[in-house]
Amino acid sequence: RISASADMTGAAEVEGESRLISYSSSKQINRVNAVSLTGLEAGATYYYQVGDGSVWSEVRSFTVPAAEKQTRFFLLADIQEEAALEGMGRIANHLAGQYPFGVQLGDAVDNVRYYNQWEDALSLFTLDGIRDTDMIHVVGNHEADDGGNNAIAAKSVFGVPAAWYSVERGDVYIAVLNHTSDKDTLQQFTQWLVEDAAKTTCTWKVLVTHVPAYYTNPTGGGETYVQYLPAACDAAGIDFYFSGNDHSYARTAPMTGGQVDENGTVYYICGSTGGKSYSIVNNPDFHFAQVSQEYDSLYLAVEATADAVNTMRMNDKATQERIAKEKAEALEISKKLRELTVVVTAKGGGSGRLFGSITNAEVAEALEKKTGIKLDKRKIVLDEPIKSVGVYTVKCKLGYEINAELKIEVKEA
């Protein structure tokens, strides 16, 4: 239900949709709930609760972006791995809620078959600095790799309406292409892009995909995209093409027809929030003005006015002193964890079976209660759901590839 008042006066109830999503490797199922709201007023703040009609959540709020002369947003590329999860936390601190919306360019999740990876990724978007920000999610190749289920988990969780679509934010038109490597699909998209972009009255036209057309990783799928998308960008009048996938930062000169042209499209690869990287291949035919992996975490900030677009690469380059300190702390914690057995209690039926299963949040809470060690639940990995009493070993990821095994003893409350 939604209201213009913080006390929920005059709240209107809106019926949503609920879908069951399975996670085969975790052997878990959950419900993904979604609701669509229409008729909202630009610049207005709304208060809402979610529930089943009788039980409701706490009141939260959001503000609809106002129509402004300046359109400001940010772009994030691949998250996926542990170091990138940590980097995302630092990026959220930088963002500090100052942008009306952002674009995540795909592969927020590494393996969609594991429920805990979804928990880890989604918790990042609840961090202070980003949790109240409108996000556009692009489906990446890892999120599309779901055994032929048409990326149903990613589309449902992220609210992705179609294989491709467009939105307008302020004076910026944004076309979104979710991951595909099928040539026929790419050809259909390019035809749609040219027709759809011609309808907008926005000054600036942007295309976002996961895979770059002009790439630094020759094995990442870009060799297919470069056959179709640059020509479509030329025909559609696309000003900027933002992508991820290659785990590098790169920017081309403005290009038309594969050649440098000051009135052409600028192509970006937007780095990652940290973690893995691929060797950069700087193809001279791609006319890169800048190529780099000199960052720990990276996002792009964009400011568009009627006259110009400014893009800023925002690096979070860790100091050697900070790295050394964090590694030493992680090693010390790993030694302590290996010597511990933490007791976790849960309700059961008296036969050793629990009502429900133990979560990583419960393990983190029990660990902190016993030792004072505060470990983010995302760092505690349960390979399988724990649904019975007994002694189990869980993996704790402490950063910088430092891991520790922690024994937990599950008892009935």
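Student: How many disulfides does the structure hold?

Tutor: A disulfide is a covalent bond between the sulfur atoms of two cysteines. Here the structure holds zero disulfides, a disulfide being counted as a pair of cysteine sulfur atoms within 2.5 Å. This is a predicted model, where local features need pLDDT of at least 70, side-chain atom pairs count only at pLDDT 80 or more, and totals for chains, interfaces and linings use all residues. Residues are numbered from 1 along each chain as its sequence is written, and side-chain values use heavy atoms, leaving out hydrogens and water.

Student: Is cysteine 270 buried or exposed?

Tutor: Buried means under 20% relative accessible area, exposed over 50%, and partly exposed in between (1.4 Å probe, protein chains only). Cysteine 270 is buried, at 0% relative accessibility; cysteine 202 is buried too, at 9%.

Student: Which residues are buried in helix 8?

Tutor: An α-helix has 3.6 residues a turn, so residues three or four places apart point the same way. In helix 8, the buried residues are Asn360, Val363, Ala364, Ala366 and Leu367. Seen down the helix axis, they fall within an arc of 165°, so they line one face of helix 8; the arc is that of the directions from the helix axis to the C-beta atoms. Exposed Glu365 and Lys369 sit on the face turned away from that buried side.

Notes: Helices (H or I, at least four residues) and strands (E, at least two) are DSSP runs, numbered from the N terminus.
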